[in-house]
Each structure stands twice: as C-alpha cells, then as structure tokens.
Amino acid sequence: MDKLTNQTSPEPNRRLLEMAFYLNGGTAIDFASGLGGNSFFLADLGYDMTAIDISDVAINYVQEEAANRGLNITAKVADLTKERTDLTSCRYDLAVMTYYLERSLFPLVKQVIKDDGYLFFETYYKQKTSGNEHISNQYKLESNELLNEFRGWKILFFEENEQEGRQTIFCRKTQ
C-alpha cells in the first residue's frame, strides 16, 4: 500500500494544543511524526518543521499535504534507531515526540534542542489498570521516568494519566 485513502486529516496531540501559549514559532522537529498531525499544527503556528518517520507512506502523505496546504515542512524517511548522524548538527526551538519510545534517542533529543528550547513528549507508561496492555513493556515508560530523564530542565507540565496509561512532559531546556 503506497497511498492512503479515505483518510481524515490527522489531529495534533490534545495536550500539545494546550501548550500553544508557549509555542512562538522558530524551528521544530517531530520525531516519529506518523501522518503529521503535530507537524501540521506547528507549521500553522509558524514553525519551520522537520518531520521524521520510518514509514515512507506516512512521509509521502505529509509531503503531499504540506504542499497542498502551503506549509513549510521538510519530511524525511529515517529509521531513528539507526539513522541519526544528519540530526546531530541541527538545533531546534522545539522537539516533539508522541507515542514512540526509543530510550537511546534521549541524548540526541537533548542535544538538538537549543538552550531555552522546548520538548513535548508523550507516550505509554507501565500502569496495570490502563488499556495499553497490547503494548510491549519495552515501549512503556516507568513511573516518573521522563521527570528523571529531564531533571535540570524547567518542567512546565507533567502528567501520568493512569486511566489512559500515558505519561506527558512539556519542559524547557535551561542554560
């Protein structure tokens, strides 16, 4: 399948929408962007976006939609578990990662965010009562893992939602 059909427009993450007050444009990267809901939202806010995903179908969709909407989005196919070298020289005002967890990316994420830049990260975490049992534990965060990983950064929003089995952080890299 190399074309998406009957697709409704992808939506941005609800909690990212709530952080819009802090989002003032600049450069941004959407790691594991999928169909680009977050990328389209941020490009609409004036960000020069880079969207990265392993799926060529998703990236082709993002490229076509960005062109149709006149949005500044550079979309690239990449396996984030392997291909990182071209990212190490870039610096962004904002990095976004939703529902993708590759812990070995944490140092890269920290490196590519400019001083005073922001990170929005949301994914599953280990919570027995949630509905995410179908997700392997290797792709779930431990309780407070993002707080511990980004200690030293200014935490603007953090939530562990036990009903949804997700952990969310929005923080600013301090100098």
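## Cores and sheet of a predicted model

The largest nonpolar core of this predicted model has 26 residues, and those with the most contacts inside it are Phe 31, Leu 87, Leu 119, Phe 121 and Phe 150. A nonpolar core is a set of buried Ala, Val, Leu, Ile, Met, Phe, Trp, Tyr and Cys residues joined through side-chain atoms within 4.5 Å. Buried means under 20% relative accessible area, exposed over 50%, and partly exposed in between (1.4 Å probe, protein chains only). At least two residues of this core come from each of strand S1 (26-31), strand S4 (92-98), helix H4 (106-112), strand S5 (113-124) and strand S7 (166-172). H4 gives the most, with four residues. Apart from this core lies another, of 23 residues, including Leu 16, Phe 41, Ala 66 and Phe 170.

Helices (H or I, at least four residues) and strands (E, at least two) are DSSP runs, numbered from the N terminus. Residues are numbered from 1 along each chain as its sequence is written. Because the model is predicted, local features need pLDDT of at least 70 and side-chain atom pairs count only at pLDDT 80 or more, while totals for chains, interfaces and linings use all residues; side-chain values use heavy atoms, leaving out hydrogens and water.

An open sheet of seven strands has the order S3-S2-S1-S4-S5-S7-S6, with mixed pairing. Two strands pair if DSSP finds at least two bridges between them. Strand S3 (73-77) and strand S6 (154-161) stand at the edges with a single partner strand each, so one side of each has no neighbour in the sheet. S5 and S7 run antiparallel and are joined by seven bridges; Leu 119 has Cys 171 in S7 as its bridge partner.

Two helices pack on the sheet, as tabulated here. Contact means heavy atoms within 4.5 Å. Axes are lines fitted to C-alpha atoms, for helices over the stretch in contact, and angles run from 0 to 180 degrees between N-to-C directions.

| H2 | S1, S2 (47-53), S3 and S4 | about 170° with S2 |

Arg 166 is found in strand S7 and counts as buried, at 2% relative accessibility. The side chain of Arg 166 makes a polar contact with that of Thr 168 (3.0 Å). A polar contact is a pair of N or O atoms within 3.5 Å; within protein, one must be able to donate a hydrogen and the other to accept it, and residues adjacent in sequence count only if both atoms are side-chain atoms.
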